[in-house]
Amino acid sequence: MNDKNRQNMYKLLRNLGDVQGIARMTVLSLNSFIESIRQLKCSKRELQPLYFELAEALKTSQPKIIPLIHLLEQFENEMKEALTPEMDLEEIREKTIESLEAKIKQFQDNAARVTENGLKYINNHDVIIVHSASSVVTNILVQAKEKWNKRFEVVILEHNRDRTRQIIQALRDADIEHIVAPAYDLSHHIDRATKMFLGALTITSDRKIVAPSGTAGTVSLCHLNGIAVHLFANTLHYSHKTSTDQYIYQEEEDTHSANMDFSITTHSHDLVSLDLINHIVTENGETEKDASAS
């Protein structure tokens, strides 16, 4: 894969992450990998190197998609052991698809268990702040109403319009009381809030969270006002590397305003210290801040 194609793929992954969220994008990426295997036309000798070339490209995205990386590493290790010279092309294809389908199920099962554990953290009359709500946070809110008939309110902080529309629709469909406010307007709602829920792209080895831009300010304001911050994360989101190794994408955009030309520098994601998080909930239940995925 040449550099131009690689950069285009990274941009596509960032856009999909912004619209769909990392959990959905991880599953979508693996399903796309499976479809590419079904459609790939090559010799038996070329097959395995092409699989690994695509996996390597996906593992070096900007920013890194840690759950996808973990699952692809598992896939590569399995393939090195499972594929033998005696296998024909279709046997290799069938074996690789079977492995990737198992990775999707593993990720989805973990996410479902995080959701189930998260239901314990919603009480009647809660006012819950969400910022760019992840799919697991949305599922927790919806299932708390549908399964346990909890009565609570959600303050949705508008950040990404596509993601904001998704959670608004989900809460409307579940008949959950909510309001929508700009993230910069949070100070007017903080006095009545009882907790904040968030997900994360990554939890790094140096105790940082990689989360959607704007998350750091929201979490900090909640922390200063004694609002308990709850992080819900599949352990596949834990990275063995530090925050500086996550390849957070930086972009500069030239603009013109008030008769002046200047450049605006933005980053695709925020870094948030785990010191600001009160509760971390994984598929294994609540965990210590210093716990890792290993």
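Trainee: What makes F232 count as buried?

Mentor: Buried means under 20% relative accessible area (exposed is over 50%, partly exposed in between; 1.4 Å probe, protein chains only). F232 has 1%, so buried it is. Bear in mind that this is a predicted model: local features need pLDDT of at least 70, side-chain atom pairs count only at pLDDT 80 or more, and totals for chains, interfaces and linings use all residues. Residues are numbered from 1 along each chain as its sequence is written, and side-chain values use heavy atoms, leaving out hydrogens and water.

Trainee: How many aromatic pairs turn up in the whole structure?

Mentor: Three. Take F33 and F75, with 5.6 Å between centres and 65° between planes.

Trainee: Why is the pair of Y121 and F232 edge-to-face?

Mentor: Their centres are 6.2 Å apart and the planes make 70°, so edge-to-face applies. Y121 lies in the loop between α5 (89-118) and β1 (127-131), F232 in strand β7 (residues 228-232), so the pair ties together parts 111 residues apart in sequence. Y121 is buried because its relative accessible area is 16%. Y121, F197 and F232 form one aromatic cluster.

Technical notes. Rings of Phe, Tyr and Trp (its six-membered ring) pair if their centres lie within 6.5 Å; planes under 30 degrees apart count as stacked, over 60 as edge-to-face and the rest as tilted. Helices (H or I, at least four residues) and strands (E, at least two) are DSSP runs, numbered from the N terminus.
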